[in-house]
Amino acid sequence: MTTRIVELRQGILKKNDELARELRGRFTAAGVLVLNLVSSPGTGKTAFLERTLRELRENGARVAALVGDLETDNDARRLAASGAPVRQINTHGICHLEAEMVSRHLEGWELADLDYLFIENVGNLVCPSSYDLGERIRVALLSVTEGEDKPLKYPTLFNSADAAVITKIDIAAAVDFDRALALQSIDAIRPGIRVFETSSRTGAGMAEWLDYLRQQRAAQK
Ligand SMILES: Nc1nc2c(ncn2[C@@H]2O[C@H](COP(=O)(O)OP(=O)(O)OP(=O)(O)O)[C@@H](O)[C@H]2O)c(=O)[nH]1
Ligand SMILES: [Mg+2]
C-alpha cells in the first residue's frame, strides 16, 4: 500500500515537472520574467504584490498576475485594482498550485506582451515547495510576526528559493523581531541568497526589490 502511494506521488510530481519545463520554455521564448511567491498564510504576499504591480506599472512595465487560494477571489480583486490583468485560481482543497493550473489559467493571454508575470501561490510553507510552476525565480516570504526560526523549521521552501523577502518591517519593533537571527536562519538554509527587507505599508525596501526585478529581467533577455 505504502509503495503504491509513493509511486502515485512520484508520478504526479514527474508529470508536473514535465509540464513546468514546457511552461519555462514558453516563458523564456516570450521574454517574460516569471516569479512564484510562496509563504505561509497572511505573510503579506498579496499586499507586497499589490505594491509591486502598481510601482512597476507606474514605471511603464507590462505586468500580470495569477493568484492561488483554496476559495474566494478576494486576492484577485485586490491585485486587479492595480489595473494589471489578474486571474484567480481556486484549488478547492489543494494546498499548492500545480503547473497544469497555471497553464490552464494562462489561456488567452499573449505572453510576449508581458514583461513580468507574478504567481502568488496558496498560503502554505510546505506543499508548494515540491511543485515547479515553470518560474525563473522562486521567492520565499517571511513576515516579522512569524518567528525568526521559520526557515530552519521549514527548510525545503527556503532551500529551493532564489530570493527571500522579509515583510512587515514597519511593525518589527512592536513584535521584538530579531533581524540578525532571521537573517542568520535564512542564510543557514540558503547561504548567500538575496534578502529584501520590506514593508508594503511604508514602501521600505521596494526600490531595491524593483531594481532586482529589472536586473533579473535584463539578464533573462
Ligand atoms: N503592518 C503591515 N501589515 C501588513 C503588511 N503587509 C501585509 N500586511 C497585513 O497582513 C495581513 C495579510 O496580508 P495579505 O497580503 O492578505 O497576506 P497573504 O500572504 O497574501 O495571505 P494569503 O493569501 O491568505 O496567504 C493583512 O491584514 C495585511 O494588511 C505590511 O507591510 N505591514
Ligand atoms: Mg494573498
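This is a short tour of one protein chain and its ligand, stop by stop.

Before you click, know that this is a predicted model, in which local features need pLDDT of at least 70, side-chain atom pairs count only at pLDDT 80 or more, and totals for chains, interfaces and linings use all residues. Residues are numbered from 1 along each chain as its sequence is written, while chains are lettered from A and ligands numbered from 1 in the order in which they are written.

**Stop 1: the whole chain**

Show the protein chain as a cartoon and you can look for eight helices and seven strands. Helices (H or I, at least four residues) and strands (E, at least two) are DSSP runs, numbered from the N terminus. The C-alpha atoms fill a box of roughly 50 × 45 × 35 Å along the principal axes. For 221 residues, a compact globule would have a radius of gyration near 17 Å, and the protein chain agrees with its 17 Å. That radius is taken over C-alpha atoms, and the globule rule is 2.2 Å times the number of residues to the power 0.38.

How many of the 221 residues count as buried, as a percentage? The share is 41%. A residue is buried if 20 or more other C-beta atoms lie within 10 Å of its own, exposed if 12 or fewer, and partly exposed in between, with C-beta atoms placed from the backbone.

**Stop 2**

Select ligand 1 next. It is surrounded by 18 residues, the closest being Gly44, Lys45, Thr46, Ala47 and Gly123; to be near, a residue needs its C-beta atom, placed from the backbone, within 6 Å. Colour this shell by type and you get three nonpolar, nine polar and six charged residues. Here Ala, Val, Leu, Ile, Met, Phe, Trp, Tyr, Cys and Pro count as nonpolar, Asp, Glu, Lys and Arg as charged, and the others, Gly among them, as polar.

The largest share of the shell, three residues, comes from α2, so select residues 45-58 to see that helix. Buried residues of α2 include Phe48, Leu49 and Leu53. Just after α2, find glycine 60, with a positive phi of about 85°.

**Stop 3**

Most residues other than glycine have a negative phi. Histidine 92, in the loop between β3 (86-90) and α4 (99-105), has a positive phi of about 50°. This histidine 92 counts as exposed because it has 7 C-beta neighbours inside 10 Å. Now jump to aspartate 176, in the loop between β6 and α7: its phi is positive too, near 55°. With 8 C-beta neighbours inside 10 Å, aspartate 176 counts as exposed.

**Stop 4: helix α7**

Select residues 179-189 and pick out the buried ones: Ala182, Ser185, Ile186 and Ile189. They sit on the same side of α7, because they cover an arc of only 95° around the axis. (The arc is that of the directions from the helix axis to the C-beta atoms.) Which elements do the buried residues of α7 pack against? Show β5 (137-143), α5 (150-153), α6 (155-159), β6 (163-167) and β7 (194-197) to see them.

**Stop 5: arginine 217**

Finish in helix α8 (residues 206-220), where arginine 217 lies. Arginine 217 is partly exposed, since 17 other C-beta atoms lie within 10 Å. Beyond its neighbours within four places in sequence, arginine 217 is in contact (C-beta atoms, placed from the backbone, within 7 Å) with Leu33, Asp115 and Tyr116.

How values were computed:
Two residues are in contact if their C-beta atoms, placed from the backbone, lie within 7 Å. The arc is that of the directions from the helix axis to the C-beta atoms. The expected span of a helix is 1.5 Å times one less than its number of residues.
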